[in-house]
Amino acid sequence: AHVARLIAAGEVVSRPLDVVRELVDNALDAGATRVDVEVDGGGLRLVRVRDNGAGIPAGSVGLAPLRHATSKLSPQASSVDGVTTLGFRGEALWAAAQAGELHVVSRPAAQVGACEVLAQGEGVQVARASAPAGTTVTVRNLFARLPGRLRTQAPAASEVREVTALLGRYVLHHPGLHWRLTVDGEVRLTHAPSDHRGAVASVYGPLSANRVLAVSGEGVRGVVSRPELTRARRDRMHISVNGRPVLAPPELERAVIEGYGELLPAGVAPLCVLDVTVAPEDHNPNVHPAKQVVALADLPGVAARVRAAVAATLSAHPL
Ligand code: ADP
Ligand code: MG
């Protein structure tokens, strides 16, 4: 049972990047307007996410690290169709406590004191604490008890690159928040509340920000670059579905490129940040452990909306 538990936890959290994603998703689900991420030692030594969101009430904070403990699905829910939060499985904090040492300090704004939880393996200890409103979750020594996992981890520098890219995607898709990423004590990325163009400035610099056009179509919002700002790779195409940065279905990336028509030379990709909204029941985020892939009930229809929104933007801004 012990081994089975570790294997299951390892499917939720297989590397530091997964911890960062799960903790940031929790901060967003809690309605935070400020998210502060710290990573030390490539995330294996420490991942910390501090937010100013709703907090966890004293009465339930001890439950948060238990498996399947989620406050986001009602017990009557028969499926996750229609889920509007980023989390819904109640496994992330549990997995973090299995794979490392989990420390949570949390206080809802209306509660007088904070609570603190230390969880490691099966053990959960709760104590009183004092803290500002919001939640700070720290995961230390990830995989220290799982030498097999530890051995297969990427070098710290490459994990840090991916964490930085992930934070960039959160900034691009949630530009209205304060964001900060600190790596080994050094601030790597900061962003103050702004719009999509401001987020492009924070992530890619002001020169790129000056070359993007605002997109505002039916259920499609964001920015696309002028046709001259392109790259051979598609690594600057960012698409979210209902607020979740996803590995964009190739159909949607193609729809963006098709929206440029003849303006884009063959074989290149633009910079884009597009937030696509679909009805909750039209998308299923539960097809992938990291929830990075979504199944869309009407992919051709969504692609057509994206293509039209991009085409309308470019035709409104002749070169
Ligand atoms: P899930 O997000 O799928 O519900 P998690 O294991 O990620 O599961 O979190 C368990 C529960 O802990 C959440 O449902 C939520 O009630 C609470 N929680 C975790 N992180 C935060 C946070 N940053 N702010 C407020 N509540 C949180
Ligand atoms: Mg979660």
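Student: What should the 18 residues of helix H10 span at 1.5 Å a residue, and how far apart are its end C-alpha atoms?

Tutor: This is a predicted model, in which local features need pLDDT of at least 70 and side-chain atom pairs count only at pLDDT 80 or more, while totals for chains, interfaces and linings use all residues. Residues are numbered from 1 along each chain as its sequence is written, and chains are lettered from A and ligands numbered from 1 in the order in which they are written. Helices (H or I, at least four residues) and strands (E, at least two) are DSSP runs, numbered from the N terminus. The expected span of a helix is 1.5 Å times one less than its number of residues. For H10 (residues 299-316) that gives 26 Å, and the end C-alpha atoms are 26 Å apart, so the two agree.

Student: Which residues of H10 are buried?

Tutor: A residue is buried if 20 or more other C-beta atoms, placed from the backbone, lie within 10 Å of its own, exposed if 12 or fewer, and partly exposed in between. In H10 the buried residues include Val302, Ala303, Val306 and Leu314. The buried residues of H10 pack against strands E9 (212-217), E10 (220-225), E15 (272-276) and E17 (295-296), and against helix H9 (250-259).

Student: At what angle do helices H1 and H4 pack?

Tutor: Axes are lines fitted to C-alpha atoms, for helices over the stretch in contact, and angles run from 0 to 180 degrees between N-to-C directions. Angles under 35 degrees count as roughly parallel, over 145 as roughly antiparallel, 65 to 115 as roughly perpendicular and the rest as oblique. H1 (residues 2-12) and H4 (residues 92-99) pack at about 120°, with axes 9 Å apart. H1 is therefore oblique to H4. Residues are in contact if their C-beta atoms, placed from the backbone, lie within 7 Å. Among those making this contact are Leu6 and Ala9 of H1 and Ala95 and Gln98 of H4.

Student: How do the axes of H6 and H7 cross?

Tutor: The axes of H6 (residues 156-173) and H7 (residues 196-204) come within 8 Å and cross at roughly 160°. The two helices are therefore roughly antiparallel to each other. Their contact is made by Gly168, Val171 and Leu172 of H6 with His196, Ala199, Val200, Ser202 and Val203 of H7.

Student: Where is Gly121 placed?

Tutor: Gly121 is in the loop between strand E4 (114-120) and strand E5 (123-129). Because 15 other C-beta atoms lie within 10 Å, Gly121 is partly exposed. Leaving aside neighbours within four places in sequence, Gly121 is in contact with Ala97 and Gln98.

Definitions and conventions: Two residues are in contact if their C-beta atoms, placed from the backbone, lie within 7 Å.
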